[in-house]
Amino acid sequence: MFFFCSDTGVISVQSATCGRTSSQICSVGRPPSETSNTQCSIDDYYFFYLHIENGKIQINTANYGRTDKTTCSEGRPSEQLQNTNCYSPNALAPVSKSCNGLKSCEVFATHTVFTDPCFGIYKYLAISYYCLPPGVREYLFCHDGTVIRIHSANYGRTDSSTCSTGRPASQLAKTDCYALNSQTVVTSGCEGKNSCSILASNSVFSDPCVGTFKYLYISYSCVSKCKCDCTEQ
């Protein structure tokens with residue numbers, strides 16, 4: 001299943017076959033025995049190009065395999081379509097790594113990228129995704145005369161309920177997700193200031209758990225601004 005993020009978002013599917021599907025192509029000077037098998041392929045190599053104008057891509061689900069007999073079945077012998085319980089165990093991770101948080105990405109549908117879950121079956125890559133709005137910023141503010149003091153911070157996920165609305169269970173299950181540089185980044189950007197803004201994004205903190213929907217948690221207080229008068233002795 002595929003979802004478009006906006007009217008200008010498009011998915012472009014391209015393909016190439018390594019093998020032979022015609023007895024005429026590249027046949028000059030070849031004996032018939034070398035050109036007669038026209039059902040010869042080493043898998044079709046597809047790549048998906050995802051692009052959105054506003055927001056960022058967030059991968060929802062991904063599978064490299066086969067779950068029905070009709071998708072990508074044209075011209076395929078029936079024995080290559082029979083297994084409809086074919087799932088690559090590592091499909092979500094490489095797709096999420098290639099696409100999450102970006103405006104556009106390319107993903108190659110081939111067993112060199114994904115584990116081959118059913119040898120001899122003609123496979124395809126199915127991806128569902130949605131658009132995240134432009135980066136959410138955490139805004140910290142203290143009244144005049146006070147400044148920000150950071151107590152703790154984490155970009156990741158420590159429970160399954162925070163920022164969970166509309167998210168599939170697979171993106172909420174990992175609750176021990178911590179970006180190790182969280183407090184350093186937040187402290188550097190906010191400590192001692194009257195106000196600051198931190199972008200909750202992989203581009204700022206890196207991605208501590210691919211495939212998990214993350215949020216930025218900050219604990220801080222406002223403390224009196226220190227004023228010191230120094231007299232040289």
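**Exercise 1. Describe the open sheet of three strands, and find which strands stand at its edges.**

Solution. In this predicted model, an open sheet of three strands runs in the order 9-8-11, and its pairing is antiparallel. Strand 9 and strand 11 each have a single partner strand, so they stand at the edges, and one side of each is left without a neighbour in the sheet.

**Exercise 2. Work out which elements supply the largest nonpolar core, and what lies apart from it.**

Solution. Begin with the core itself, which has 15 residues, and in which Ile-57, Ile-59, Val-95, Val-107, Phe-114 and Leu-125 have the most contacts. At least two residues of this core come from each of strand 3 (56-66), helix 1 (92-99), strand 5 (104-109) and strand 6 (124-132). The largest share is that of strand 3, with four residues. Apart from this core lies another, of 14 residues, including Cys-142, Ala-153, Ile-198 and Phe-205. As background, nonpolar side chains tend to be buried together in soluble globular proteins.

**Exercise 3. Locate Cys-163 and Ser-206, and decide whether each is buried, partly exposed or exposed.**

Solution. Cys-163 is found in the loop between strand 8 (146-157) and strand 9 (177-178), whereas Ser-206 has its place in the loop between helix 3 (202-205) and strand 11 (215-224). Cys-163 is partly exposed because its relative accessibility is 43%, and Ser-206 is partly exposed because its relative accessible area is 43%. For the backbone, most residues other than glycine have a negative phi. Cys-163, however, has a positive phi near 50 degrees, and Ser-206, although not a glycine, has a positive phi of about 75 degrees.

**Exercise 4. Summarise the chain as a whole: how many helices and strands are there, and what percentage of the residues is buried?**

Solution. The chain contains three helices and eleven strands, which follow the pattern β-β-β-β-α-β-β-β-β-β-α-β-α-β along the sequence. Of its 233 residues, 33% are buried. Among contacts between residues at least 6 apart in sequence, 75% join residues at least 24 apart. The accessible surface comes to about 13700 Å², and carbon and sulfur atoms account for 53% of it.

Note on methods:
Residues numbered from 1 in each chain as written. Predicted model: local features only at pLDDT ≥ 70, side-chain atom pairs only at ≥ 80, totals over all residues. Heavy atoms only, no water. Buried < 20%, exposed > 50% of the residue type's maximum accessible area, 1.4 Å probe, protein only. Core = buried A, V, L, I, M, F, W, Y, C linked by side-chain atoms within 4.5 Å. Contact = heavy atoms within 4.5 Å. Areas by Shrake-Rupley, 256 points an atom, 1.4 Å probe, with all protein chains shown as cover. Pairing = 2+ DSSP bridges.
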